[in-house]
Amino acid sequence: MSRFLRIVLPALVIVVWLVVASVGGPVFGKISEVATNDQTSFLPASADATEVQERASDFRQASGAPAIVVLERDGGLTDDDLADARRIATALADRDDVQGVSPVIPSEDGDAAEIVATLTEDAETGDAVAAIRSTVDDAVPSGLAAYVTGPAGFTADLTEAFAGIDGLLLGVALAAVFVILVVVYRSPLLPFLVLGTATFALCASILVVYELAKAGVVTVNGQVQGILSILVIGAATDYALLYTARFREALRDHRSGWDATRSALRGAFEPIVASGGTVIVGVLCLLLSDLNSNKALGPVAAIGIAFSLLAALTLLPALLLAFRRAAFWPLRPAYGSGHRAATGPDASGLWARVGRLVARRSRTVWVVCTVALLAMGGGLVGLRADGVPQSDLVIGASQARDGQDVLADHFPGGSGSPAQVIGAERDLDGLVEAVRSVPGVDGVVAAAEDSPSGTVPVGGGTDGGSGGGDAASGNAVPGGGGAPAAAAEPTVSRGDVLLEVTLADPADSAAAEQTVRDLRAAVERVDPEAVVGGVTATALDTNDTGIRDRSVIIPVVLAVILVILVLLLRSVVAPLVLIGSVIVSFAAALGVGALVFDHLFHFPGADPSVPLYAFVFLVALGVDYNIFLMTRVREEALRHGPREGVLRGLAATGGVITSAGIVLAATFAALGVIPILFLAQIAFVVAFGVLLDTVVVRSLLVPALVIDLGRRAWWPSRLSRASRHM
């Protein structure tokens, strides 16, 4: 290639990435505009609760989530307190983002009162609740405790907890990676080149995801947004480190930067593409999920990994070609300088010593490592990953959680968050009777468009929960007052009616979930087509679907990755060894995580998706490091024989893989700065699991197993018939 093209081509690559970054950079602060943390973004696609939510607007005017204002005074509310409450209701009714407000409903014990303010359908929940809380705080006198809770309150607290996604999370992750790179490379320039590559990859990823989300092609919530940033920074840095190691080696063997770049790309291309492809295929398996939040992450994460690959194989080589040896200053790799001996009596350094240990005691090493990992996995017996209450999703202070506790003390626990039953209008009386027969039900009313309250009594009763049907069932009265019209009839849509059922227990409690299960069984006996939804049913269906997703997706991920490894390594035995090693490592990480969650942090449990996400990331990323190692081992074994290939491959990749593992662990650990239970648990399990993969599995377990298996590890490839013996 001409000297002109050798200069123009890298420059053009850098310019293209600069343009992409200049366009994508400003989107960093805008992606939250297309992200939603409403519960709808997490709904299972085919669950009963989803069907109910989609049809609810057929029975009454479409609306947003209800925000419940709870007022409490020890010793009882005074007349002045009730007057203040009525003024609050009037002020809320005048807001443009509030569709309707219930009357002030005092509790039976006289110590509390509640007001249900239903938001408009297009209201921004976080902003609306913040404004409502400000209004309430300004109106309550000293001694009167006030809270804004309910579905809207919990969504607002969740949105506030995710507020650090754009700035804090990214800043912590980049700072941690920068410090690690400075320590590893002892170069002031190289960390900027590596982090610049990762940041540009993130800019491109966010730009594409933003446009797709804006067009409605993908769904983005705070959970997906946070994982995207961490995944891109971590993966792009890992791939950059692998290429950087190859380039530094090539600079010792080639005088010109162009020849070194070509050599480095030849050596790094296959493992980087294979590793990235493995992660992409792994995360795309989430498309098999029936849970919208899981399904949303699949394509978004795949986009991020694709740009990480692209940046590591285009932008970074162009940058390193531009700086050449100066990129590694002050430890410049000189042309013609010798490579450190990987094996033999002259070999020195940590990884040469590890190689000698593994070679001498291969069976002992892999047996001890396996037993230790299995012992760590024993913690799985205490893992509680069947869901947590909505009130525990946010770590730390939550006004919605505190308000829910107060609400449960003075009103039916499900007040403001009713279960909803859609069934045939011809079976109305039977459905109402079935609902009332279920323990844990406090009241039932029917939706009615022509009623000021939005509901009417049904089945010859006037119940609707303690404190009145309107507030207890979460229905708002426009203007803050009014009563059900006597002539109103239940709304009928497609031959069905909507019943709103007030539960006796808090909507996010295990008791309420059991009540919903019993409700479903009871109404199904009357109308087999009847469906039950609402806040509790949504949480129940989400957890059940998450458990189903684990059993479906995990085997698929294993099978797909196994096929990729067989094709990459041209072997059957070695891929089985690698898959087995990461499974054991995953079990160990999750087992230790379960012990830490229970006995150190005292978490209330875990979301069913925590093991699934941890599995997808740990298996895909854990296999990444094994791919880095085993592709180098195969390369060396083809020249030096299987046994020598293991030792040379371990010595050559030990430093870079360890650095990559520490970087990836640090980036995932950064998720812990966001006070969301799910992200905190993912942060710990993945970070700890990556370190296990890096330090134990890739450094000791896999090399020892491959050495102990000998040529059989490469069956049926020609390496299994190599003339050189281990």
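Ala, Val, Leu, Ile, Met, Phe, Trp, Tyr, Cys and Pro count as nonpolar here, Asp, Glu, Lys and Arg as charged, and the others, Gly among them, as polar. Keep that sorting in mind as we walk through this structure, which is a predicted model.

Let's start with the empty spaces inside. Rolling a probe the size of a water molecule over the atoms shows where empty space is left. Done here, the search turns up five cavities of 30 Å³ or more. We'll stop at the second largest cavity, with a volume of about 90 Å³. Helices H8 (222-253), H9 (257-284), H19 (609-640) and H20 (642-669) each give two or more residues to its lining. H8 has the largest share, at four residues. Among the residues that line this cavity are Leu242, Arg246, Pro271, Phe628, Thr631 and Val656. Sort the lining by class and you get six nonpolar, three polar and three charged residues.

Next, the nonpolar cores. The largest one has 165 residues, and the ones with the most contacts inside it are Tyr239, Phe617, Met630, Phe668 and Ile676. Helix H19 turns up again, giving this core its largest share with 19 residues. Pick out Ile676 and look beyond the residues up to four places away in sequence: Ile676 touches Leu158, Ala161, Phe162, Leu393, Val394 and Ile395. There's also a second, separate core of 29 residues, and Ala448, Ala488, Leu503 and Ala530 are included in that one.

Is asparagine 294 buried or exposed? It counts as buried, because its relative accessibility is 0%. Setting aside residues up to four places away in sequence, asparagine 294 touches Leu286, Ser289, Asp549, Ser609, Leu612 and Tyr613. With tyrosine 613 there's a polar contact too: the two side chains are joined at 2.9 Å.

Last stop: aspartate 708, in helix H21 (residues 677-709). Which residues is aspartate 708 in contact with, leaving aside its neighbours within four places in sequence? They are Ser362, Arg363 and Trp366. The side chains of aspartate 708 and arginine 363 are joined by a polar contact of 2.9 Å.

Methods: Residues numbered from 1 in each chain as written. Predicted model: local features only at pLDDT ≥ 70, side-chain atom pairs only at ≥ 80, totals over all residues. Heavy atoms only, no water. 1 Å grid on protein atoms, 1.4 Å probe; cavity = no way out; pocket = protein on both sides within 12 Å on 5 of 7 lines; lining within 4 Å. Points joined across faces, edges and corners; volume = space filled by probe spheres on them. Core = buried A, V, L, I, M, F, W, Y, C linked by side-chain atoms within 4.5 Å. Buried < 20%, exposed > 50% of the residue type's maximum accessible area, 1.4 Å probe, protein only. Contact = heavy atoms within 4.5 Å. Polar contact = N/O pair within 3.5 Å; in protein donor to acceptor, adjacent residues only side chain to side chain.
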